[in-house]
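Work through the exercises below with the structure in view. Try each task before you read its solution.

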Amino acid sequence: MTRGVCLCGALEYQFTAPFQMMMHCHCSMCRKHHGAMFATFVAAPYSAFRWVRGEDALEKFKSSEHGVRSYCRQCGSVGPTLIPESGFAFAPAGNLDGDPGIRPQGHMFAGSKSALYEITDSLPQYAAVPPDFGGGTGVARPTVEQREGVADGSCLCGDVAYEVRAPMRMYHCHCSRCRRARSAAHTTNMFSSIADFSFTRGEHLVKEYKVPEAARFGVSFCTRCGGKVARVSRERGTVVVPVGALDTNPGMLPQANIFVASKAPWFDITDALPQFAEMPPT
Ligand SMILES: [Zn+2]
Ligand SMILES: [Zn+2]
Ligand SMILES: [Zn+2]
């Protein structure tokens with residue numbers, strides 16, 4: 001049995017049969033919804049899925065004419081996707097406890113991946129939907145024009161947008177809180193000073209969830225779509241920007257993998273960046 005749980009614990013569910021599929025998805029909608037460079041999903045027979053609690057805490061957003069995405073109303077973690085008519089239940093691997101007993105099988109929507117992310121493993125790559133899953137190209141998405149000296153970011157529905165000037169650092173973080181918060185293998189965060197950050201629209205739609213027992217850890221998301229957005233961390237004096245949700249290039253690439261001692265058992269780090277067991281030395 002494998003358990004899935006959101007960052008705040010409101011959503012909890014179980015799978016009672018082995019997973020049959022595990023895929024990374026680099027589409028821009030996954031990147032915005034998760035706030036990660038890519039999402040990773042597992043699938044099992046629908047009959048193997050059961051809620052423990054939290055079905056009533058699930059918000060839904062119709063992200064296209066083909067898809068509905070769900071998230072926890074309180075913490076923004078991505079929820080499971082149940083498609084009884086297909087016979088399958090899908091869940092974001094970042095919310096699973098322990099070892100799911102399956103490993104990633106490929107990269108979907110590699111043609112839409114972030115320009116700041118290089119795929120360095122040897123798994124098969126599909127430009128869009130793999131032929132085995134019916135093929136298809138996905139939906140057209142809005143583009144944002146690059147501005148000099150500024151990186152723009154926005155949520156999945158587009159109602160929240162922000163700009164970052166003068167970013168300072170960018171890390172892939174593998175800590176267990178980031179994995180649950182982003183519902184992903186790891187997060188990729190960029191940091192800027194509070195003075196170098198502004199919301200440009202929709203700030204009133206942003207909800208912030210702080211883990212009660214954590215000194216500083218929190219996450220911000222759009223309440224309309226669940227898309228992860230930049231979090232102004234007054235405790236740290238910095239802004240934490242989910243790089244996968246950026247619309248334009250910040251002129252910086254990831255610099256290290258941090259908290260690798262806590263990484264997901266199903267994810268192998270294959271890039272050549274420095275690795276730190278926890279925080280990098282300052
Ligand atoms: Zn939650
Ligand atoms: Zn996707
Ligand atoms: Zn939104």
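**Exercise 1. Overall size**

Task: Decide what the radius of gyration of the protein says when set against that of a compact globule.

Solution: This is a predicted model. Start with the length: the protein has 282 residues. A compact globule with 282 residues would have a radius of gyration near 19 Å. The protein has 18 Å, which agrees. Along the principal axes, the C-alpha atoms fill roughly 50 × 40 × 40 Å. Then look at burial: 41% of the 282 residues are buried. Finish with the contacts. Take those with a separation of 6 or more; 65% of them join residues 24 or more positions apart. The secondary structure consists of two helices and 21 strands.

**Exercise 2. The nonpolar core**

Task: Describe the largest nonpolar core and follow one of its residues, Phe41.

Solution: Begin with a general point: in soluble globular proteins, nonpolar side chains tend to be buried together. Here the largest nonpolar core has 63 residues. Cys25, Phe41 and Val229 have the most contacts inside this core. S4 provides the largest share, five residues. Both domains take part, as the core draws at least three residues from each of domain 1 and domain 2. Now follow Phe41. Leave aside its neighbours within four places in sequence. Phe41 is then in contact with Met23, Cys25, Phe90, Ala91, Pro92 and Ala93.

**Exercise 3. Pro280**

Task: Is Pro280 buried, partly exposed or exposed?

Solution: Locate Pro280 in the segment after strand S21 (256-258). Count its C-beta neighbours inside 10 Å: there are 15. A buried residue needs 20 or more, and an exposed one has 12 or fewer. Pro280 therefore counts as partly exposed. Beyond four places in sequence, Pro280 is in contact with Ala256 and Ile258. Its C-alpha atom is separated by 35 Å from that of Ala43, 237 residues away along the chain.

Methods: Residues numbered from 1 in each chain as written. Chains lettered and ligands numbered in written order. Predicted model: local features only at pLDDT ≥ 70, side-chain atom pairs only at ≥ 80, totals over all residues. Core = buried A, V, L, I, M, F, W, Y, C linked by C-beta atoms within 7 Å. Helix = DSSP H or I, 4+ residues; strand = E, 2+ residues; numbered from the N terminus. Domains from an automatic or database assignment. Contact = placed C-beta atoms within 7 Å. Rg over C-alpha atoms; globule rule 2.2 N^0.38 Å.
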